[in-house]
Amino acid sequence: MTITRRNVLLGATAAAALGPIAARAQTSEVKIGVIYPFSGASAQIGVDAQRAFETAAEIINGKYDYDLPLARTEGLPGLGGAKIKLVFADHQADPQKGRAEAERLITQEKVSAIIGSYQSAVAVTASQTCERYQIPYLSADNSSPSLHRRGLKYYFRAAPHDEMFSGAMFDFFDMMKKKGTKIETLALFHEDTIFGTDSGNAQLKLANERGYKIVADIKYRANSPSLSAEVQQLKAANADVLMPSSYTTDGILLVKTMAELGYKPNAIVAQDAGFSEKALYDAVGDKLEGVISRGSFSLDLAAKRPMVGKINDMFKAKSGKDLNDFSSRQFMGLIVMADAINRAKSADGEKIRDALAATEMPGEQTIMPWKRVKFDESGQNNDADPVLLQYVGGKFVTIFPAQAAVAEAIWPMK
């Protein structure tokens, strides 16, 4: 399925059918651009993201008894009940296409803000375009640490970046070592776009600081047709922990190649991406019992915060699957953006930007295990606490940190 331009208006009244009087009485709508891959190898990511954003828009535009910003009112009360209109664009996992689509959304669709974009490489170009037009860009799920360090005024990210995620991994390693687990050597395996490169650099830095030995540091070409040579290197290195930073298709190829070549590491601790995607576990889940992935969301939270389970049910009705680390961040991205627009009481980019900068959303008013959403001067939320999840019995359970854990880590993996 290829989706290049698609507009979705949720909850809005069909004013044209009601006549000119109703149309004049109706409050305005606020357009938000949503830029994701809807074609190519990452198309399923875009489809799932669309359902996540639609779920958030349904809550914003409707009326729900959730302890979530804008849930209990219809539309944006700060703009007289205006509805959110989502305008979807396909960047095809191409940074230059992302730049062009961001410009189209701003100049032709007249969006007031843009949210994206799965691939961090696309976030680079799309956010630069937004900066040029003074339109806020919110990274819902981009995790490259360099994104918020470019001096952009209109760039924001509510979720953790890979240095924060990697820090949680090494905190976990330190904890396991104190319990007597042998973790001395690590193998880094990362693709060659900004996501993989930044992730590898963050992990290398932390390993040196914490006293872990890197016995393999392998950068491979994204979407490579073969990973046999790389897996042979990993097998020869025989590290205590394999740490992959790979998107879905690469992750599937990696696991299949490992099985073919008889490489079975004691543990895999993954930098999310493909290792949080249902498609990967549908393909090779039988080989990944006990794999650990970092994340910023877990359905375990529903036990303490019942609305998480209810919102998951809404998303599942649209998508056929549970919220995961990506779709949860996408959902929250729209909630955070809509909350800022509501407080700005305006669809003007600069006013929305100022409202985003003033955001202070308690963690209890999100679906995430975060302390809060509050942006620093660079647009990064530093209070988004990561979690580590382990794949056990066909589902993920939270194993770290202790305050969020519902199970002990299984080590080594089966």
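How many salt bridges does the structure hold? The structure, a predicted model in which local features need pLDDT of at least 70 and side-chain atom pairs count only at pLDDT 80 or more, while totals for chains, interfaces and linings use all residues, holds 30 salt bridges, each defined as a side-chain nitrogen of Lys or Arg within 4 Å of a carboxyl oxygen of Asp or Glu. Residues are numbered from 1 along each chain as its sequence is written, and side-chain values use heavy atoms, with hydrogens and water left out.

Arg294 pairs with Asp162 in a salt bridge whose closest N and O atoms are 2.8 Å apart, linking strand β11 (residues 292–295) to helix α6 (residues 162–178) across 132 residues; helices (H or I, at least four residues) and strands (E, at least two) are DSSP runs, numbered from the N terminus. Both Arg294 and Asp162 are buried, where buried means under 20% relative accessible area, exposed over 50% and partly exposed in between (1.4 Å probe, protein chains only).

A salt bridge between Lys371 and Asp385 (3.0 Å, N to O) joins the loop between β12 (361–362) and β13 (372–373) to the loop between β13 and β14 (387–392). Lys371 counts as exposed at 53% relative accessibility, whereas Asp385, at 23%, counts as partly exposed.
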